[in-house]
Structures are given as C-alpha cells and as structure tokens.
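Dear colleague,

I am passing on the structure below for your own work. Please look through it before reading my notes, which follow directly after it.

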Amino acid sequence: MRTIPNSFSNNHSSSFRDPSGYVFVDNNVLKRAVLPKYFTQYNALKSSGFYKKVIKHGLLIPHNESKTTKECIELIPEEIPFITYPYEWSFSQLKDAALHTLKLQKYAVSNGYVLKDATAFNIAFHRGNPIFIDTLSFDFYTPDSPWKAFKMFVQHFLSPLVLAHYHGPTILKLLQTHIDGIPLSLTTSLLPRKSKLNPTILTNIHLLAKAERKYKNQTDKKTKKIKVKKERHLNHLDALYSFIQGLNVNQQTEWANYYENIHYDDTALDFKKNQISEWISYLDLKTVVDIGGNDGTMVRSFSHDLDFAIVGDIDENAVDLNYQKIKEQKDANIIPILLDILQPTPALGFDNKERFSIINRLNKCKPDSTLALALIHHISLSGNVPFLKIAEFFARFSNYLIIEFPNRDDKMVQLLLDQKRDFKNHFDFYSEENFEKDFCVFFDIKKRVAIPKSNRILYLMEII
Amino acid sequence: MIVLYFDPGLGAMLVQALIAAAASVIVFSKNVKAKIQNFFSNKKVEKPNQDSINIDEDENNS
C-alpha cells in the first residue's frame, strides 16, 4: 500500500461527509480541523460573537482554538465522555434533540446564520442535556431562502417521532437501519390515514413526501427562484416546535414498575444498594456501566461519587423514565442508553466505521466496573447463552464486575424455567457452582454476599 | 454560501414555502384561540411551564 496522501490519514472514521473540516484524534485528544473552504464562515461566526453566544446558551459544545495556520484551524471541543447514537435514545431524548435543533436554527436565523444540515448525529447528550456538537454546521443565511436542511430534519427527527406516536417507541429502531433518516416514502406508508387530519403531519410529512416523489428525477434549476420569507420560516419553526413539544407516546412498559412489582422487599433492596455503594467507595471506582440498569434507581444510590454512570436497558420506557429523572433531578453524570445485550448496537455506515458498535465504545471508554444486577438469568435462561460466554463478555471492558446471581429458588428464575416447558432439563446447569466455576475462568471472586430475604447472591469480581 | 454535501431535495425546497405558509396560519390561529380563551375566561390561561424555542439573551446555560 502506498502512503495515504492527504490529511485524511488521521481523521476520525465518522467524519468525512462535510468538506468544511473534519474531526481527528491527536494524542488521545479529539480535535476538529477547519479547512480553508470554511474560513470565511468560521471567522464571521467567531468575530460576530455568535459562537460565544450559542455556547453561553448551552446550544453548542464549547471549543478552544489550539492552532491556526494557512491550511487549517484546529479546535479542541469540550470532551464528551460517552457518545450515544439516536437509535440508542428513548422517545423523550429524540424529542429533546429535535427541539434543540429547532431552537438552534431559529437562533441562528435570527442572527444571520442558518443550520446547513440537521442530522440527529449532530446532537449528543452531555451532562444530562442535548447539545449540538458540529461546530461547522453553520452557514450564512441568505434572506428569504428556504431551509435546505428541512427534509433532513423531517427524516431524522419529525418522522421517527410521529411514527413512535402512532406505533410505540420500538419503531425508533428504524433509525438504526436508516442512518440518513427514515425515507419519506416509508414514513407515509407506515402512518395511519387519520394522521392526514393533523395539519402539521399532513403538510410536513405527507405533502413533503408527495413533492419529493413528483420532483424525484429533476435537478434544481429552479431553486434560486424559491423564496420562503424569513418571518414565515420562523413561524414554521415555531409551529414544528410546539407540535413536537406536544407529541407523546403511549405504551405499557415491561420494567418501568419493576421496583414496585417484584422480587424484593425493602430490606433486600436497601442491603443491595448499601453493599454495592460500599464496594464502589472502597475500591474508589469512578466510572461504571450498568447493563440492565432499568430506570437508574440502583445507580442513583451511589452515583454522587462517580464521574459518570452509563445506564443501559432493553426497555425503551425504562430508558425514557431514566432520562426524565435525569432532567428533573439534574443528574449530570448519568448517561441513559437503550441496550439489548442479546443484540447489542452494531457498527454501521461506510466501511462499518462511521458509527461504532456499543462494544467498541465501551472498550474505548473502559468503565472501572461493569454492573450486572438481576440480569444473568435473563441472558442465560431467556437467551440460552452459556455462563462461560457471558463471563467472557463481561470480562471485556472493566476491571471489576459486580454481578447478582439469583439461584433456582428465585421466583423469576422459576418462572423463566417453567416457560421453557419440555426444554427445561436443558437448563440443569443453572446453579451457583457452575456459575462460579465458569466465571472463575476470567475473574477472581473477591466478595460473595447473600442478599437477605431473597434467593440471590451478590458478587464482587476482579478480572484475572 | 458553501456547496451542500447532500441533496436538499427539489420537492422539499419547492413545497417549503407552502408548508411555511400553512404553519404561519397554524401559529396565527393558535394565538387567536388563546386570546379568545383569555378574553372569555375569568382566569388567565397560563402557558404550561415548558421550554420555549426562543432564547432568553440574559440567561446563561453553559
């Protein structure tokens, strides 16, 4: 192979679409390069005080200029410890990301600029709030011009939100198979007829889809003549904002009443919280990933001393509840994520390198401890995954593992075994002894404590 | 103005003026409705405590 000829040799594999610049990693620090093509815009955004203002209002990630040459301006943005993708967000997260984008567009237009793109990947959740992370997404606003990123906004935000309103939050996973947003034709085919009675959906989705179909094979000779008055565009943004703000999704949850419904009396739950809290402070752990963390109730009992806690769950509503609590209680160090451990988020995009898999991101982030509480019986009995494979998986990203093992007398374990019917005997291996034997291939068991008034054992393990 | 790296969609651009006009009607009619409700109601209809699209220039969120 010959040497890669240009600056793209060290750029971040997610960053190649926009020619204004690119993101790269330099000595483990994420940096953004601004290319000469974008210098005029960048200098105007800087000298007009626009960057300062959007950063002050919490709309854009803060950055520092680290180097300026004729060929490139280097920026160091504030570090975000863990990036979650739109297809790992709950309904309310996507909704807040959409509102944030509209807010930024309105503010930009009012200041003489415009968002030139509106992909959901330009938003990250940082300290509990959505924030815009693409510093080079702004361009000058040409008076009375249409918003070129409008279709992108509809495909990335409005369409999935409206679909989830009618079909439940599971449909948001469509964003995983369509990383450029859900095609308008697919959205209209999935929406019920009654959605046409809503003027916002009728115009912004159905009419838009029809127009796109009609002009599909035409190039834009006419676009210079198209005018959308500034006042009307701002009204359009207001209308979209208020419509999205009012959108909701109704669906019963699998786990949202988990702590009210099952398995634990208060003594056992308090014991578990205190025990984990004690281990975490004893070992001085600063970062954790809770796989199967429900709405974050457990993590909240010790999160005050942590730098951050990634809290994953398979249930969209539990993740949503967690996000709502983060907003209410201002839990800046909790990062909610939709996570199905039997089908973890894969790597996506060009060369499978544009969007990273969850395993890859956890490997890079290396949380001090992995938490797997009331989870292993679901992986083992519902997912049929052998203990050894689960142990190998948990040994991937952290030095410590805090894991809870419910034995065969536990009610949930019994239910899961009974559901196996004729296949039940296949799970005779499910015992404390086998669990410990297989996990000891990868871990040393440091502590082993029976949780009172339950049939569960809590383990602290350290990787060998 | 720099060149876009994606296709904004000709249909989307052409129809946007119409959608924006319709949105203006929606916003206008909502405001009128709120004013009428306020006029006939003894209690003022207060807007729920929700985030606004407008930025308060004095507020510091960073």
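The notes below cover the contact between the chains and then one serine.

This is a predicted model, in which local features need pLDDT of at least 70 and side-chain atom pairs count only at pLDDT 80 or more, while totals for chains, interfaces and linings use all residues. Residues are numbered from 1 along each chain as its sequence is written, chains are lettered from A and ligands numbered from 1 in the order in which they are written, and side-chain values use heavy atoms, with hydrogens and water left out.

In the interface, 55 residues of chain A are in contact with 37 residues of chain B (contact means heavy atoms within 4.5 Å). The two chains bury about 4,100 Å² between them, 67% of it on carbon and sulfur atoms, where buried area is the accessible area (1.4 Å probe) lost by two parts on being put together, summed over both. Of the area that chain A buries against chain B, K56(A), H57(A) and K148(A) supply 15%, more than any other three residues.

Between chain A and chain B the count is one salt bridge (a side-chain nitrogen of Lys or Arg within 4 Å of a carboxyl oxygen of Asp or Glu); D51(B) forms a salt bridge with K103(A), with the closest N and O atoms 3.0 Å apart.

Elsewhere, S195(A) counts as buried because its relative accessibility is 0% (buried means under 20% relative accessible area, with a 1.4 Å probe and protein chains only). Leaving aside residues up to four places away in sequence, S195(A) touches Y166(A), I201(A), L202(A) and H206(A).

Best regards

Conventions:
Buried means under 20% relative accessible area, exposed over 50%, partly exposed in between (1.4 Å probe, protein chains only).
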